[in-house]
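Please walk me through this fold.

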Amino acid sequence: MKVVLASKNAHKLVEISKITEKFGFELVLQSQLGVDIDVEETGTTFEENSLLKAEAVMKATGLPALADDSGIAVDALNGEPGIYSARYGFDDSLDDWGRLLLLLNNTEHVPDGQRQAKFVCVITFVHPNGQVIQARGEIHGELLREAKGENGFGYDPIFYYPPLGKTTAELSPEEKNDVSHRAVALKKFYEKMKEAGYADK
(Lines give C-alpha, C1' and ligand atoms only; values in the text may rest on other atoms or scores of the structure.)
Protein backbone atom coordinates (compact mmCIF):
# COMPACT_ATOMS: atom_id res chain seq x y z
CA MET A 1 0.00 0.00 0.00
CA LYS A 2 1.35 3.42 -0.94
CA VAL A 3 1.37 5.80 2.02
CA VAL A 4 2.37 9.46 1.90
CA LEU A 5 4.63 10.82 4.61
CA ALA A 6 3.45 14.32 5.49
CA SER A 7 6.96 15.73 5.53
CA LYS A 8 9.70 17.12 3.34
CA ASN A 9 12.33 15.72 5.69
CA ALA A 10 14.38 12.94 4.11
CA HIS A 11 15.81 12.02 7.54
CA LYS A 12 12.31 11.16 8.76
CA LEU A 13 11.59 9.13 5.62
CA VAL A 14 14.65 6.96 6.25
CA GLU A 15 13.92 6.45 9.96
CA ILE A 16 10.22 5.74 9.55
CA SER A 17 10.62 3.53 6.46
CA LYS A 18 12.68 1.04 8.47
CA ILE A 19 9.56 0.33 10.51
CA THR A 20 6.77 0.75 7.96
CA GLU A 21 8.42 -1.52 5.39
CA LYS A 22 7.74 -4.37 7.83
CA PHE A 23 4.06 -4.22 6.98
CA GLY A 24 4.26 -3.56 3.29
CA PHE A 25 3.96 0.20 3.14
CA GLU A 26 5.55 1.95 0.20
CA LEU A 27 6.31 5.20 2.02
CA VAL A 28 6.89 8.28 -0.13
CA LEU A 29 7.46 11.92 0.72
CA GLN A 30 4.66 14.29 -0.21
CA SER A 31 7.15 16.14 -2.45
CA GLN A 32 7.65 12.96 -4.48
CA LEU A 33 3.99 13.19 -5.47
CA GLY A 34 4.24 16.86 -6.38
CA VAL A 35 2.44 17.95 -3.22
CA ASP A 36 3.89 21.04 -1.58
CA ILE A 37 1.75 22.13 1.33
CA ASP A 38 2.77 23.67 4.60
CA VAL A 39 0.16 22.80 7.17
CA GLU A 40 -0.49 25.48 9.75
CA GLU A 41 0.15 23.74 13.05
CA THR A 42 -2.61 25.32 15.10
CA GLY A 43 -2.87 22.48 17.61
CA THR A 44 -1.77 22.79 21.21
CA THR A 45 -0.41 19.23 21.49
CA PHE A 46 1.81 16.93 19.48
CA GLU A 47 -1.25 14.74 18.91
CA GLU A 48 -3.32 17.55 17.41
CA ASN A 49 -0.56 18.80 15.11
CA SER A 50 0.32 15.31 13.91
CA LEU A 51 -3.34 14.71 13.01
CA LEU A 52 -3.62 18.07 11.23
CA LYS A 53 -0.63 17.25 9.01
CA ALA A 54 -1.76 13.72 8.20
CA GLU A 55 -5.32 14.81 7.34
CA ALA A 56 -4.16 17.65 5.10
CA VAL A 57 -1.83 15.44 3.07
CA MET A 58 -4.38 12.63 2.86
CA LYS A 59 -6.94 15.07 1.44
CA ALA A 60 -4.40 16.56 -0.99
CA THR A 61 -3.29 13.18 -2.37
CA GLY A 62 -6.31 10.93 -1.85
CA LEU A 63 -3.92 8.37 -0.34
CA PRO A 64 -3.40 7.15 3.21
CA ALA A 65 -1.05 9.52 4.99
CA LEU A 66 1.37 9.26 7.87
CA ALA A 67 2.60 12.20 9.90
CA ASP A 68 4.73 12.68 12.94
CA ASP A 69 5.01 15.64 15.22
CA SER A 70 7.99 15.65 17.47
CA GLY A 71 10.11 17.88 19.61
CA ILE A 72 12.09 18.39 22.75
CA ALA A 73 10.57 19.49 26.06
CA VAL A 74 12.79 20.91 28.79
CA ASP A 75 11.54 20.64 32.36
CA ALA A 76 13.22 23.86 33.53
CA LEU A 77 11.51 25.77 30.69
CA ASN A 78 8.07 24.41 31.59
CA GLY A 79 8.13 22.02 28.65
CA GLU A 80 9.44 24.47 26.04
CA PRO A 81 10.15 24.44 23.19
CA GLY A 82 7.75 21.48 22.93
CA ILE A 83 5.44 21.70 19.93
CA TYR A 84 7.40 24.74 18.76
CA SER A 85 10.73 22.86 18.56
CA ALA A 86 11.02 23.22 14.77
CA ARG A 87 10.09 26.90 14.99
CA TYR A 88 11.89 27.74 18.23
CA GLY A 89 12.63 31.43 18.45
CA PHE A 90 10.15 32.11 15.64
CA ASP A 91 13.04 33.45 13.56
CA ASP A 92 13.05 32.25 9.95
CA SER A 93 16.78 32.90 9.71
CA LEU A 94 17.50 30.15 12.26
CA ASP A 95 18.41 26.67 11.04
CA ASP A 96 18.64 23.53 13.18
CA TRP A 97 22.00 24.63 14.58
CA GLY A 98 20.71 28.11 15.32
CA ARG A 99 17.75 26.74 17.27
CA LEU A 100 20.06 24.38 19.17
CA LEU A 101 22.28 27.31 20.17
CA LEU A 102 19.22 29.31 21.21
CA LEU A 103 18.09 26.48 23.48
CA LEU A 104 21.57 26.25 25.01
CA ASN A 105 21.55 29.99 25.63
CA ASN A 106 18.09 29.89 27.19
CA THR A 107 19.11 27.08 29.56
CA GLU A 108 22.51 28.50 30.47
CA HIS A 109 21.19 29.47 33.92
CA VAL A 110 19.84 25.97 34.65
CA PRO A 111 22.22 24.17 37.03
CA ASP A 112 23.56 20.69 36.47
CA GLY A 113 21.23 18.12 37.94
CA GLN A 114 18.19 20.14 36.92
CA ARG A 115 18.57 19.91 33.15
CA GLN A 116 16.06 17.09 32.56
CA ALA A 117 14.41 16.96 29.16
CA LYS A 118 12.46 14.56 27.00
CA PHE A 119 12.03 13.91 23.31
CA VAL A 120 8.41 13.34 22.27
CA CYS A 121 7.07 11.90 19.03
CA VAL A 122 3.47 11.29 17.99
CA ILE A 123 2.78 9.23 14.85
CA THR A 124 -0.60 9.52 13.15
CA PHE A 125 -1.96 7.42 10.29
CA VAL A 126 -5.07 8.66 8.47
CA HIS A 127 -6.88 6.60 5.84
CA PRO A 128 -9.30 8.14 3.32
CA ASN A 129 -12.01 5.89 4.82
CA GLY A 130 -11.78 7.94 8.03
CA GLN A 131 -9.66 5.54 10.05
CA VAL A 132 -7.14 7.17 12.41
CA ILE A 133 -4.37 5.33 14.26
CA GLN A 134 -2.10 7.26 16.60
CA ALA A 135 0.80 6.42 18.91
CA ARG A 136 3.09 8.43 21.21
CA GLY A 137 6.69 7.77 22.20
CA GLU A 138 8.97 9.50 24.71
CA ILE A 139 12.53 9.14 25.88
CA HIS A 140 13.97 10.93 28.89
CA GLY A 141 17.41 12.43 29.34
CA GLU A 142 19.12 15.71 30.04
CA LEU A 143 20.54 18.69 28.19
CA LEU A 144 24.27 19.02 27.84
CA ARG A 145 25.98 22.41 27.71
CA GLU A 146 27.72 21.74 24.41
CA ALA A 147 27.06 19.66 21.33
CA LYS A 148 28.48 16.14 20.99
CA GLY A 149 28.15 13.74 18.08
CA GLU A 150 27.81 13.95 14.32
CA ASN A 151 24.75 11.77 13.72
CA GLY A 152 21.10 12.66 13.95
CA PHE A 153 19.66 16.12 13.43
CA GLY A 154 17.83 18.85 15.29
CA TYR A 155 18.55 18.82 19.02
CA ASP A 156 20.21 15.39 19.01
CA PRO A 157 23.74 16.72 19.75
CA ILE A 158 22.72 18.22 23.12
CA PHE A 159 20.33 15.51 24.32
CA TYR A 160 22.17 13.09 26.60
CA TYR A 161 20.55 9.66 26.91
CA PRO A 162 21.69 8.08 30.21
CA PRO A 163 20.89 4.41 29.46
CA LEU A 164 23.51 4.40 26.68
CA GLY A 165 25.77 7.12 28.07
CA LYS A 166 25.70 9.11 24.83
CA THR A 167 23.89 11.95 23.14
CA THR A 168 21.36 10.87 20.55
CA ALA A 169 23.76 12.34 17.96
CA GLU A 170 26.41 9.86 19.11
CA LEU A 171 24.16 6.85 18.59
CA SER A 172 24.65 4.64 15.57
CA PRO A 173 21.68 4.47 13.20
CA GLU A 174 20.95 0.99 14.56
CA GLU A 175 20.98 2.22 18.17
CA LYS A 176 18.82 5.21 17.36
CA ASN A 177 16.29 3.08 15.48
CA ASP A 178 16.00 0.98 18.63
CA VAL A 179 15.71 3.60 21.38
CA SER A 180 14.71 6.99 19.95
CA HIS A 181 11.38 8.67 20.73
CA ARG A 182 10.39 8.02 17.11
CA ALA A 183 11.37 4.36 17.49
CA VAL A 184 9.29 4.07 20.69
CA ALA A 185 6.31 5.68 18.96
CA LEU A 186 6.72 3.48 15.89
CA LYS A 187 6.86 0.30 17.97
CA LYS A 188 3.56 1.25 19.61
CA PHE A 189 2.20 2.29 16.22
CA TYR A 190 3.22 -1.06 14.75
CA GLU A 191 1.28 -2.93 17.42
CA LYS A 192 -1.80 -0.77 16.77
CA MET A 193 -1.47 -1.36 13.04
CA LYS A 194 -1.36 -5.10 13.65
CA GLU A 195 -4.49 -4.85 15.78
CA ALA A 196 -6.15 -2.97 12.91
CA GLY A 197 -5.24 -5.76 10.48
CA TYR A 198 -2.51 -4.00 8.51
CA ALA A 199 0.35 -6.23 9.58
CA ASP A 200 0.65 -9.94 10.18
CA LYS A 201 4.33 -10.28 11.11
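The questions below cover the strands, then the helices, then the aromatic rings.

Q: What kind of model is this, and which pLDDT do side-chain atom pairs need?
A: This is a predicted model, with residues numbered from 1 along each chain as its sequence is written, and side-chain values use heavy atoms, with hydrogens and water left out. Totals for chains, interfaces and linings use all residues, local features need pLDDT of at least 70, and side-chain atom pairs count only at pLDDT 80 or more.

Q: How many residues of strand 3 are buried?
A: Buried means under 20% relative accessible area, exposed means over 50%, and partly exposed lies in between (1.4 Å probe, protein chains only). Helices (H or I, at least four residues) and strands (E, at least two) are DSSP runs, numbered from the N terminus. Strand 3 is largely enclosed by the rest of the structure, because its buried residues number 9 of the 10.

Q: Over how many bridges do strand 3 and strand 5 pair?
A: Two strands pair if DSSP finds at least two bridges between them. Val74 has Ala117 in strand 5 as its bridge partner. The sense of the pairing between strand 3 and strand 5 is antiparallel, and the bridges number 10.

Q: Which residue in the turn between strand 3 and strand 4 has a positive phi?
A: Strand 3 runs antiparallel to strand 4 (residues 80-81), joined by 2 bridges. Ala73 is opposite Pro81 of strand 4. The two strands make a hairpin with 5 residues between them, and the turn residue with a positive phi, about 55°, is Asn78.

Q: Which residue of strand 3 is the bridge partner of Leu5?
A: Strand 1 and strand 3 run parallel, joined by 2 bridges. Val4 has Ala65 as its bridge partner in strand 3. For Leu5, the partner in strand 3 is Leu66.

Q: Which strands and helices do the buried residues of helix 1 pack against?
A: Helix 1 spans residues 10-20, and its buried residues are Lys12, Leu13, Glu15, Ile16, Ser17, Ile19 and Thr20. Contact means heavy atoms within 4.5 Å. The buried residues of helix 1 pack against strand 1 (2-5), strand 2 (26-29), strand 3 (65-74), helix 4 (173-179) and helix 5 (181-195).

Q: Which residues does Lys176 contact, leaving aside its neighbours within four places in sequence?
A: Lys176 sits in helix 4. With a relative accessible area of 7%, Lys176 is buried. Apart from those sequence neighbours, its contacts are Glu15, Gly152, Phe153, Asp156, Thr168, Leu171 and Ala183.

Q: How wide an arc do the buried residues of helix 2 cover?
A: In helix 2, the buried residues are Phe46, Asn49, Ser50, Lys53, Ala54, Val57 and Met58. The arc is that of the directions from the helix axis to the C-beta atoms. These residues lie on the same side of helix 2, because their arc around the axis is only 165°.

Q: Which parts that are 173 residues apart in sequence does the pair of Phe25 and Tyr198 tie together?
A: Rings of Phe, Tyr and Trp (its six-membered ring) pair if their centres lie within 6.5 Å; planes under 30 degrees apart count as stacked, over 60 as edge-to-face and the rest as tilted. The count by this rule is 6 aromatic pairs. Phe25 and Tyr198 make an edge-to-face pair, at 6.4 Å centre to centre and 85° between the planes. The pair ties together the loop between helix 1 and strand 2, which holds Phe25, and, on the Tyr198 side, the segment after helix 5.

Q: Is Phe25 buried or exposed?
A: The relative accessibility of Phe25 is 7%, so Phe25 counts as buried.
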